[in-house]
Amino acid sequence: MISFNVPPVVGNELGFIAEAVENRRISGDGDFTKRCSRLMEKRFDARHVLITTSCTSALDMAALLCGFNEGDEVILPSYTFSSTANAIILGGAVPVFVDVRPDTMNIDETKIEAAITPRTKAITVMHYGGVACEMDTIMDIAHRYGLMVIEDAAQGVMSTYKGKYLGTIGDFGCYSFHETKNYSMGEGGALLINNDAYLERAEILREKGTNRSKFYRGEIDKYTWVDFGDSYLPSEINAAFLWGQLQMLDEINNDRLTTHRIYSEAFGPLVKKGLIEIQNIPDGCSHNAHLFYIKLRDLEQRTEFIKYMKEAGITTVFHYVPLHSAPAGIHYGRFSEKDIYTTKESERLVRLPMYYGMTDEDRHTVTETVLSFFAMTEE
Ligand SMILES: *Cc1c(COP(=O)(O)O)cnc(C)c1O
């Protein structure tokens with residue numbers, strides 16, 4: 001059996017968790033949380049990194065910080081996870097879906113302007129599979145129309161666009177440390193604040209509406225309820241786990257990239273023959289091998305493929321029923337212009353096993369099984 005995902009565990013996590021427990025510091029914003037924030041700020045050249053309980057909560061915070069009013073609109077792709085859209089609804093705005101580019105499955109930057117109305121306040125991009133959206137074009141549009149930019153970089157930790165780490169380009173960046181992501185803390189995430197104007201409000205929002213963060217830093221001698229807030233800080237137990245993972249940023253990344261390269265090389269001939277397509281990595285983008293997908297002919301062939309792989313003991317999965325066609329998407333949102341690629345391409349896409357620590361033998365079994373499927377269908 002080859003699983004689709006195995007949560008990353010590098011071996012040092014329990015030691016750090018024991019340290020948190022022995023120090024009797026297990027609630028939020030202790031040493032481990034601080035260390036994780038500082039490490040990421042330094043490594044990713046990020047201005048402010050606030051660790052959160054999930055990427056969902058980081059997206060929620062970003063939307064609340066934007067301060068939308070009723071009837072405001074936010075542009076986003078339909079091919080994404082529900083959290084990307086939920087945050088917009090929580091923030092009080094309407095999600096306006098834009099089609100994707102078939103080569104990366106990212107929002108099509110050339111279709112964003114047509115979706116802008118006088119009510120548009122922000123663009124939420126999602127870097128699919130850790131491959132960057134065309135951020136120069138998107139940031140230029142945002143500046144010209146005065147829009148906020150939120151990066152859903154749940155899948156993009158360690159990836160770059162023209163030398164900048166994903167999550168550090170828009171006003172806000174959101175990371176996920178769920179166990180299905182490249183780095184984990186069980187459940188967790190981070191909000192990157194790249195626009196200093198929002199930092200103080202973000203700290204208050206994250207700490208139940210209080211200025212406790214300032215108190216912890218010794219800037220004030222007592223803390224109080226100053227504004228609306230919620231609770232978005234994870235326990236030190238989770239932060240200690242993440243600290244362990246962050247010690248292995250490059251090892252995990254390189255290991256995943258090796259799997260990605262082995263798949264790409266093995267499937268080169270299938271791509272050449274036009275039997276499948278794989279994700280394009282545009283010039284100027286470095287990726288983190290968050291996932292590896294192939295696109296088959298159509299839905300029918302994908303169903304056959306998944307069954308074939310399953311019979312060989314290999315789990316492959318597809319995802320994202322386009323949000324605009326899901327019940328909540330129909331209720332809350334609308335699609336701008338035509339859905340040319342979102343639905344059609346999502347029905348052809350399937351993801352292969354990809355996780356830290358995959359053995360050479362398992363990599364080989366996956367590539368051989370995929371090749372044998374196409375050898376069979378060509379006969
Ligand atoms: C995983 C994921 C999320 C949600 O992350 P959580 O940490 O589980 O809340 C949001 N957006 C995208 C694109 C994701 O892949």
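I began at the boundary and found 27 residue pairs in polar contact across the interface of domain 1 and domain 2, both residues at pLDDT 80 or more. A polar contact here is a pair of N or O atoms within 3.5 Å; within protein, one must be able to donate a hydrogen and the other to accept it, and residues adjacent in sequence count only if both atoms are side-chain atoms.

I noted that this is a predicted model, where local features need pLDDT of at least 70, side-chain atom pairs count only at pLDDT 80 or more, and totals for chains, interfaces and linings use all residues. Residues are numbered from 1 along each chain as its sequence is written, and side-chain values use heavy atoms, with hydrogens and water left out.

Next I looked up which elements domain 1 brings to domain 2.

Then I checked charges. I counted two salt bridges between the domains, a salt bridge being a side-chain nitrogen of Lys or Arg within 4 Å of a carboxyl oxygen of Asp or Glu. I also looked up R334 and E73, whose side chains form a salt bridge at 3.1 Å, N to O.

Last, I wrote down the bounds: domain 1 is 13-248 and domain 2 is 250-378, from an automatic or database domain assignment.
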